[in-house]
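Hello,

Here is the structure I promised to pass on.

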Amino acid sequence: MKAVVIGGGTMGAGIAHLLLANGHDVTLSEADAERAEQGRAAVRRSLDKAREKGKLADAEAAFAKLSTGELPADAELVVEAVPENVPLKQEVLGFAAEKCPGAVLASNTSSLSIADIAAGLPGERVLGMHFFNPVPVQQLVELVHHEGVDPANVAKVRTWAEQMGKTVIEVRDSPGFATSRLGVAVGMEAIRMVEEGVASAADIDTGMKLGYRWPMGPLELTDLVGLDVRLAIAEHLAARLGPRFEPPALLRDKVARGELGKKSGQGFFTW
Ligand SMILES: NC(=O)c1ccc[n+]([C@@H]2O[C@H](COP(=O)([O-])OP(=O)(O)OC[C@H]3O[C@@H](n4cnc5c(N)ncnc54)[C@H](O)[C@@H]3O)[C@@H](O)[C@H]2O)c1
């Protein structure tokens with residue numbers, strides 16, 4: 001299968017790796033030549049790492065199927081992983097829709113409305129294909145469909161994802177889809193419990209790990225994702241779904257102080 005990945009950052013490089021490692025041809029499209037080169041290098045590093053770990057037999061052969069030129073007219077799948085912004089996603093998918101007239105147009109957005117992105121595009125070809133970081137490792141793909149999508153395109157993408165070893169869940173286009181909505185709800189409640197002095201951050205996390213068999217507590221996960229990122233998602237969900245997603249004052253205060261989690265060295269835990 002010929003695929004196009006638009007955006008070669010954290011997620012785009014991972015999606016390209018996954019497709020290449022499964023024998024697909026990938027054209028990586030970036031904003032300019034310098035960033036295309038950086039994207040190629042990121043894919044190369046990722047493939048080499050998989051080979052060193054014994055998870056990929058031939059990184060060289062996989063990398064040989066990557067190009068950065070013109071979008072192929074016979075591409076069957078386009079996945080965009082450009083920054084989280086509706087007009088930008090519409091622009092890059094609109095360009096790809098014309099260049100690749102037979103391709104399904106998938107967005108890797110983690111929160112934006114698929115119907116909003118599909119507006120002005122051939123909507124029957126547009127859907128959400130939400131990967132998780134790091135893409136080659138994480139098992140889940142959340143397929144998001146809006147009303148106008150052709151079910152045959154959803155079925156095609158499900159098949160490709162499953163052939164690449166992923167487990168697919170299907171979700172109707174709604175704020176936060178299934179994963180972010182539930183994950184943020186638990187994360188916000190855990191922060192409110194710290195705020196109210198119910199228990200320490202460490203004890204809340206230990207409670208969920210040992211009592212509920214979670215691999216990681218909700219506060220450690222918030223530190224890993226970034227408190228600023230989780231705040232932005234909670235604000236988006238509160239605006240769309242109502243006050244039950246209103247971020248706690250403690251989260252706003254920590255973000256204002258620059259305590260963003262692992263990336264800043266301090267969040268609910270010290271890193
Ligand atoms: N980082 C995560 O954990 C994660 C997880 C799931 C989904 N997502 C979603 O994936 C998308 C990308 O996130 P990311 O973390 O990879 O971002 P990133 O900033 O690492 O990468 C974005 C890339 O898009 C490129 N880009 C910008 N404008 C472009 C254009 N016009 N044409 C082509 N490329 C362009 C940038 O140069 C950059 O390389 C976002 O929608 C994000 O919400 C991210």
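The buried residues of helix H4 are covered by, among others, strands E1 (2-6), E4 (77-80) and E5 (104-107) and helix H5 (114-118), where contact means heavy atoms within 4.5 Å. Helices (H or I, at least four residues) and strands (E, at least two) are DSSP runs, numbered from the N terminus.

This is a predicted model, in which local features need pLDDT of at least 70 and side-chain atom pairs pLDDT 80 or more, while totals for chains, interfaces and linings use all residues. Residues are numbered from 1 along each chain as its sequence is written, and side-chain values use heavy atoms, with hydrogens and water left out.

Back to H4, which covers residues 86-99. Its buried residues (under 20% relative accessible area, 1.4 Å probe, protein chains only) are Lys89, Val92, Leu93, Gly94, Ala96 and Ala97. At the start of H4, a side-chain oxygen of Asn85 comes within 2.9 Å of the backbone nitrogen of Leu88.

Now the sheet: it is open, with eight strands in the order E3-E2-E1-E4-E5-E6-E7-E8 and mixed pairing (strands pair if DSSP finds at least two bridges between them). E3 (66-67) and E8 (167-172) are the edge strands with a single partner each, so one side of each has no neighbour in the sheet. E7 (residues 140-145) and E8 run parallel and are joined by six bridges, with Val144 opposite Val171 of E8.

Best wishes

Methods
The expected span of a helix is 1.5 Å times one less than its number of residues. Buried means under 20% relative accessible area, exposed over 50%, partly exposed in between (1.4 Å probe, protein chains only). A polar contact is a pair of N or O atoms within 3.5 Å; within protein, one must be able to donate a hydrogen and the other to accept it, and residues adjacent in sequence count only if both atoms are side-chain atoms.
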